[in-house]
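Here is a colleague's note to read beside the sequence and the model. Please keep both in view while going through the numbered points.

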Amino acid sequence: MSDAIRPTPKNLFSFSRLKTLHQCPFRYRLRYLKGMKEAFRSIESYLGTTVHEVLEWIYKSRAESSTPETQEILEFFETRWREDWPEDLAVVRIVEGPDHYFRLGRQMLENFAAGSLKKDRSETIALEARYSIHLSERVSYTGFADRVGRTAQGRLFIVDYKTSKREGDPSEFSEGLQAPLYAACAMKQNGDERALAGYHYLRMGSSRWIDMDEEKARRILDRFLNLAETALDTREFPARPGILCAWCGFNHICTFAQIRDEFSGGREVARKAMELG
Ligand code: SF4
């Protein structure tokens, strides 16, 4: 099985695992149950990871010595962008070149340095904080929160940085679950009765905060457990084709894939990789 990695342990659930099941059960089966590796990595995902690395570095530097200047931040971003370039990278939207995404990243970080970072008086408790909670005999939760800290007034918060095109909607699967889940874990770990669960949208320079208390934390962990238990009991994994097929690393082998020509960059990378063996 040359294209296989180890299937994810049956009882170990992350937020991304549940999100994949929600978006396309067939993709979930291939990735999490069969352990198959997706054939490409989208440039949007690479941009997100690289910007997150820069943010982590900024806050680490701030805690250890001083906040980097904007120029240093942009130079660090450029170095990471060029150094870590993945071999299987795909620009899905074929009208755009990689430079478009590089400029986007620079713009987001420049705005962040001039806006939120300048005003931010909070203290950092942890960066890329890993949480692991045993929720039942059958389910454990694992996840990483981008930044955990305390406001100047001593209030615990977690924030998740988003590089997406638009702000999320609280009714969406991701928005309703992800940050509150991290906040529930942070509350448990730090012994706080309340916390703020937030998203910071780097393209817009805006933030959205959810006020969490112990009751909400309990409900969000219960909700996650129910979703994970349902996933464990699921026996049918139908394909759910749609716009996201273009970003799915199985789209070159999936007979259900629906991909518009202008979004075919990922499939081309996957096909070429398959031809090369
Ligand atoms: S190509 Fe589309 S339908 Fe097929 S597995 Fe991927 S997301 Fe699902």
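1. A definition comes first: two residues are in contact if their C-beta atoms, placed from the backbone, lie within 7 Å. By that rule, and not counting residues up to four places away in sequence, isoleucine 58 touches Thr67, Pro68, Ile73 and Leu117. Please bear in mind that this is a predicted model, in which local features need pLDDT of at least 70 and side-chain atom pairs count only at pLDDT 80 or more, while totals for chains, interfaces and linings use all residues. Residues are numbered from 1 along each chain as its sequence is written.

2. On the overall form, the C-alpha atoms of the chain fill a box of roughly 55 × 50 × 30 Å, taken along the principal axes. The radius of gyration, which is taken over C-alpha atoms, is compared with a globule rule of 2.2 Å times the number of residues to the power 0.38. For 277 residues, a compact globule would have a radius near 19 Å, and the chain, with 20 Å, agrees with this. Among contacts between residues at least 6 apart in sequence, 67% join residues at least 24 apart.

3. The chain has nine helices and eight strands, where helices (H or I, at least four residues) and strands (E, at least two) are DSSP runs, numbered from the N terminus. The chain is also divided into domain 1 (41-83 + 98-115) and domain 2 (121-233), with bounds that come from an automatic or database domain assignment. The C-alpha centres of domain 1 and domain 2 lie 23 Å apart.

4. How do the two domains meet? 13 residues of domain 1 are in contact with ten residues of domain 2. On the side of domain 1 that touches domain 2, the elements that give two or more residues are α3 (43-64) and α5 (98-114), and α3 gives the most, with nine residues. The residues of this side divide into seven nonpolar, four polar and two charged, where Ala, Val, Leu, Ile, Met, Phe, Trp, Tyr, Cys and Pro count as nonpolar, Asp, Glu, Lys and Arg as charged, and the others, Gly among them, as polar.

5. A residue is called buried if 20 or more other C-beta atoms lie within 10 Å of its own, exposed if 12 or fewer, and partly exposed in between, with C-beta atoms placed from the backbone. Isoleucine 58, which is found in helix α3, counts as buried because it has 20 C-beta neighbours inside 10 Å. Over the chain, buried residues make up 31% of the 277 residues.

6. The largest nonpolar core has 64 residues, and those with the most contacts inside it are Ile158, Tyr182, Ala183, Ala184, Ala186, Met187 and Ala195. Such a core is a set of buried Ala, Val, Leu, Ile, Met, Phe, Trp, Tyr and Cys residues joined through C-beta atoms within 7 Å. The largest share of this core, eight residues, comes from helix α7 (residues 173-190), and the core draws at least three residues from each of domain 1 and domain 2. Leaving aside its neighbours within four places in sequence, methionine 187 is in contact with Leu156, Asp192, Ala195, Met212 and Ala217.

7. In helix α2 (residues 25-33), the buried residues are Phe26, Arg27, Tyr28, Leu30, Arg31 and Tyr32, and what covers them includes α1 (15-23).

8. Most residues other than glycine have a negative phi. Glutamate 128 is partly exposed, with 14 other C-beta atoms within 10 Å.

9. Finally, which residues surround the ligand? There are 14 of them, and the closest are Cys24, Cys245, Cys248, Cys254 and Ala257, where a residue is near a molecule if its C-beta atom, placed from the backbone, lies within 6 Å of it. The residues of this shell divide into eleven nonpolar, one polar and two charged.
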